[in-house]
Amino acid sequence: MEHLSEVLKEPIVPFAILLVVILTVPIIFERFRIPGLVGLLAAGVLLGQNGLKLLDTDLPTMKLLSDIGLLYLMFVAGLEVDIHQFRKKKHRSIGFGSLTFIIPMIAGTAVGRVFGFEWNASILIGSLLASHTLLAYPIVSRLGVVANEAVIVTIGATIFTDVGALLVLAVCVAVKAGSFTIFQLVTLLVSLLIYSAVVLFGFDWAGREFFRRTGDEEGNQFLFVLLAVFLASLGAQLIGVEKIIGAFLAGLAVNDVVGEGPVKEKVVFVGSVLFIPIFFVDLGLLIDVPAFIKSILSIWMPLTIVGALIGSKFLAAFFASLIYRYNRQEMLTMWSLSLPQVGATLAATLVGVRAGLLTEDVLNSVIVLMLATATLGPVITSRVAPGLSSTTESLETETIPQTWGSEVADTDFTVVVPVYNPQTEQYLVEMAALLARHEAGRIVPLAITTAHAHMDAPQIETAVERCQTLLARATELGGEMGVKAEPLLRIDYAIDHGISHASREQNANLIVMGWGKQPGFRTRLLGSVIDSVLSSSHCPVAVTRLLDSPLKIRRILVPVESLSDWAMQPLRFARVLAEANQAQITLLHVCERRTPPSKKAWIESQLSVLVAKWVSLGKVKLDIQVIPHADVVKAILNAAESVDLVVWRSQRYRTSAGLAVSDVTTQMLKQLTCSLVMFGEPQRVNTGIVLNSVPENKNVSG
């Protein structure tokens, strides 16, 4: 027993308990349709001093991990701010941002004074209500109304409200720290201004230089981003402000640099599955259950804070609609999008409690506020956003390639098809040959063996022989289908790099790959071959899971999640396959269940416009369907029951308020009973941050 007691005192024990909680609790709660975040808070309460007493917020391990989680939460909030949308309507974004900051600020300050707080603490309470989290963004994205000016302005206002709330927090904490004069206030503001400029411009420049020099070294780029977070946080503490301000500014600074590539995915993934959940568990440890119940039962403080937020955000949206002449639906959408309070609000509240500015009653009320607004905001958005209007001119007008990545028009259409698994090789080569034959092109069967330190090692010889067997079979299959096949054997240090380099050297128009096994933790953390090829390839990539020969495909389903030019790329791929097989295509868009008939008709017309603009159908039969449904995945699965193939646009993994959420592509891969092609476009150069990749997951934390 003494030995067991000693073991339990080891710092690794709390960490092991936290890993078990993070792994199991959110899954259990989400099965009952309760947010995983609530489960983490509940786990903290259960394991803390009011429960099993297995964890203590004062433990060094807990303090360190929770602080990292807090910084990560604010860093992700800055990283996910859509600067591109802010730039589109920056003047109106600043205007609405000012209204939705100042009015809730005044309301929150009044609440603080009513409940007996001094002016400094009251102003801090006001700042807690000033920011917002765009939890309902997936809804407006799926409805195709992101291009509506009111939505763009609300997204852009996020950066203004978040920065303003954090600046107020910095001043309030500094005032609490001791005697505070006008000179000290001016000194602090000047220091903040200089510090912010150094972080925003200095880190941005350093990041661009570092990423340019390191190329594809994702590991070093990942470490650079982490270093930026902690250096910025340390710098904030040196000038006398809270470190979460530095973390948020670091997120803004590297926003453009990181873009939407694999480095961002890894950074966000590490935070969302490890450090940020630990922060929420620690927040649960701080909750005094008797005091929390007492706060809820007394009802007045949480009710007043929630009411003040809802009312003040409504007034801000109402005044903005008068100033900018938005209609009722646009006003209500702006209101509902700016309601949810999650990331920055919780982080600032915790800082205020630790600084002695705020009481546990305020913390408990803010938790109630978070749960209430995170539910109410998306519900209202789902009801009012379907009535938003948009125009054809407001659709995304990105320039997309007219051919599949071809840069030289007079070269043969080339399909590179990496072969590895003899069991799936036939269908894979048939798919590539079918496409190449339609375009009067060629296929390049590609086999890669990884290099060893000694190139004469027996492993190399065995691998080369295996590759040659695969290539011979692929060449034979290509010949049977009447397509020129030029096999290529490559020795490279990494399979993904070998595929990308070979496709570039062959001036490929398309890469056709097979889908491997389900991704595990290691794959999600370090990335897979498919992830790397999708992010580094110069041409589109078709990742396939073929359950039958592609020669038998007669019915093709193409789901589109947004009304954009790039959403048509999978349809162009499906059109070539349909022409080769005389197949029929169904273009499917899933909208909100409450979408009115007029809105459905408008969406159908816009899809028709996009099809006419980008896809030459010829004799291919196309059926456009707009289906109202509450669950996108279920709607697609229902439609897929009567087809042979689903062509799905490559979707990136994203998070919601810093917590991992479901991946639509993964769900479809698990449940689809027909063949699937995930079509990925080549990586685009960032002119700003474009966040919308997975509509269910994309959120801007604030």
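This is a predicted model: local features need pLDDT of at least 70, side-chain atom pairs count only at pLDDT 80 or more; totals for chains, interfaces and linings use all residues.

Me: Why does threonine 544 count as buried?

Reply: Its relative accessibility is 3%. Buried means under 20%, so threonine 544 counts as buried. Threonine 544 sits in strand S6, which covers residues 541–545.

Me: Which residues does threonine 544 touch, leaving out those up to four places away in sequence?

Reply: The partners are Leu428, Val512, Met513, Gly514, Trp515, Leu676 and Val677. As for the protein as a whole, buried residues make up 58% of its 702 residues.

Me: What makes H22 and H24 roughly parallel to each other?

Reply: Helix H22 (residues 495–505) and helix H24 (residues 529–536) pack at an angle of about 30°, their axes 9 Å apart. Angles under 35 degrees count as roughly parallel, and therefore this pair gets that label. H22 passes H24 in a right-handed crossing.

Me: Which residues make the contact, and how do they divide by class?

Reply: H22 brings Ile495, Asp496, Ile499 and Ser500, while H24 brings Val529, Ser532, Val533 and Ser536. By class, that gives four nonpolar, three polar and one charged residues.

Me: How much of the accessible surface belongs to carbon and sulfur atoms?

Reply: The protein's accessible surface is about 29100 Å², and 61% of that belongs to carbon and sulfur atoms.

How values were computed:
Residues are numbered from 1 along each chain as its sequence is written. Side-chain values use heavy atoms; hydrogens and water are left out. Helices (H or I, at least four residues) and strands (E, at least two) are DSSP runs, numbered from the N terminus. Buried means under 20% relative accessible area, exposed over 50%, partly exposed in between (1.4 Å probe, protein chains only). Contact means heavy atoms within 4.5 Å. Axes are lines fitted to C-alpha atoms, for helices over the stretch in contact, and angles run from 0 to 180 degrees between N-to-C directions. Angles under 35 degrees count as roughly parallel, over 145 as roughly antiparallel, 65 to 115 as roughly perpendicular and the rest as oblique. A crossing is left-handed if the near helix is turned anticlockwise from the far one by less than a right angle, and right-handed if clockwise. Ala, Val, Leu, Ile, Met, Phe, Trp, Tyr, Cys and Pro count as nonpolar, Asp, Glu, Lys and Arg as charged, and the others, Gly among them, as polar. Accessible areas come from the Shrake-Rupley method with a 1.4 Å probe; for residues, only the protein chains shown count as cover.
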